[in-house]
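Please take a moment with the sequence and the model that follow, and then read on for a guided walk through the fold.

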Amino acid sequence: MISLEINGKGYEVDVNSEVPILWVIREHLQLTGTKYGCGVGLCGSCTILIDGRAQRSCQIPVHETAGRRITTVEGLPADHLVKRAWIEEQVPQCGYCQPGQIMQAVALLSEDSSPDEEKILAAMDGILCRCGTYPRIKRAIRRALKEVGRG
Ligand code: FES
Ligand code: FES
């Protein structure tokens with residue numbers, strides 16, 4: 001059994017300890033907001049927060065996450081600053097990459113109090129969007145920063 005803390009809730013899971021945390025979240029716990037894209041750490045659609053830092057969940061064996069604080073997109077409150085900015089800027093198109101985009105943006109805003117254009121682009125660079133929503137993502141991040149007086 002492996003003990004996990006996800007979105008503030010404790011879970012005991014009976015899985016192979018080498019299974020990526022992505023599959024435990026999606027298949028065992030039915031938290032399907034986190035998406036599977038490439039499976040090799042290149043697209044970012046599986047991004048979650050582990051101890052507040054953005055990580056590619058397809059690349060991390062579940063045993064490495066035991067006892068750490070995991071947050072998925074479901075763990076953000078509906079009125080979270082970033083979620084609201086996403087809605088206000090109507091960011092998603094097909095939506096598939098958006099949980100990863102949102103989690104990466106949440107990590108960026110918590111790590112950097114006022115990221116400039118370059119830092120925003122660098123932080124968001126690893127999350128691919130086939131629909132090309134990048135300009136709206138940038139606007140939403142700027143909006144969120146403005147709302148808290150950091151932009
Ligand atoms: S599914 Fe994890 S980076 Fe693509
Ligand atoms: S909104 Fe479709 S892949 Fe990003």
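How many bridges join strand S3 to S4, and do the two run parallel or antiparallel? Strand S3 (residues 47-50) is joined to S4 by four bridges, and the two strands run antiparallel; strands are DSSP runs of E with at least two residues, helices are runs of H or I with at least four, and both are numbered from the N terminus. Within this pair, leucine 49 stands opposite alanine 54 in S4.

This is a predicted model, in which local features need pLDDT of at least 70 and side-chain atom pairs count only at pLDDT 80 or more, while totals for chains, interfaces and linings use all residues. Residues are numbered from 1 along each chain as its sequence is written, and chains are lettered from A and ligands numbered from 1 in the order in which they are written.

The strands S3 and S4 belong to an open sheet of five strands with the order S2-S1-S5-S3-S4 and mixed pairing, where two strands pair if DSSP finds at least two bridges between them. Strand S2 (9-13) and strand S4 (53-56) are the edge strands, each pairing on one side only.

Taken as a whole, the protein has five helices and five strands, which follow one another from the N terminus as β-β-α-β-β-β-α-α-α-α. Buried residues, those with 20 or more other C-beta atoms within 10 Å of their own C-beta, placed from the backbone, make up 36% of the 151 residues in the protein. The C-alpha trace spans about 45 × 30 × 25 Å along its principal axes.

Definitions and conventions. Buried ≥ 20, exposed ≤ 12 C-beta atoms within 10 Å, placed from the backbone.
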